[in-house]
Amino acid sequence: MARELSESDWKVLKQLHSIALERFCQRVLSEVDGIVADTSKTSHQRYLAMYEAIQRRDKEISRVFDDLRRSTAILQLAALRSRKLIEDAEFMRFSEETQGLVGVFRKAR
């Protein structure tokens, strides 16, 4: 299991967690907007596509955002970074140690 986050890194992650969640939700809403706007498909086809997208994204949001704990925070941070939900400048707020550990987990995927 990954090392626990330091107190200062934990505070940063808790601040950025809600920002990343907002970004994720905005992406999902944009995806759904694109599906709904696709008039080349029937209303039923668009509904089914929207439903499938929401189901898929719901599973992803659960994996990435649920149950935030210090013991799993490095893995969650790596997942947020791999999805580009935390920007470079925001990531630089973490300690060098945490940045390094996140880099190791991202390379291992």
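Visitor: How much accessible surface does the protein chain have, and what percentage of it belongs to carbon and sulfur atoms?

Guide: The chain has about 7,000 Å² of accessible surface, and carbon and sulfur atoms hold 53% of that (Shrake-Rupley method, 1.4 Å probe; for residues, only the protein chains shown count as cover). Bear in mind that this is a predicted model, where local features need pLDDT of at least 70, side-chain atom pairs need 80 or more, and totals for chains, interfaces and linings use all residues. Residues are numbered from 1 along each chain as its sequence is written, and side-chain values use heavy atoms, leaving out hydrogens and water.

Now, inside. Of the chain's 109 residues, 33% are buried, meaning under 20% relative accessible area. (Helices are DSSP runs of H or I, at least four residues, numbered from the N terminus.)

Zoom in on Phe 94: beyond neighbours within four places in sequence, Phe 94 is in contact with Asp 9, Val 12, Leu 13, Leu 16, Leu 77 and Gln 99, contact being heavy atoms within 4.5 Å.

Stepping back, the chain has 5 helices and 0 strands, and its C-alpha trace spans about 50 × 25 × 25 Å along the principal axes. Of the contacts between residues at least 6 apart in sequence, 68% join residues at least 24 apart.

Key
Helices (H or I, at least four residues) and strands (E, at least two) are DSSP runs, numbered from the N terminus. Buried means under 20% relative accessible area, exposed over 50%, partly exposed in between (1.4 Å probe, protein chains only).
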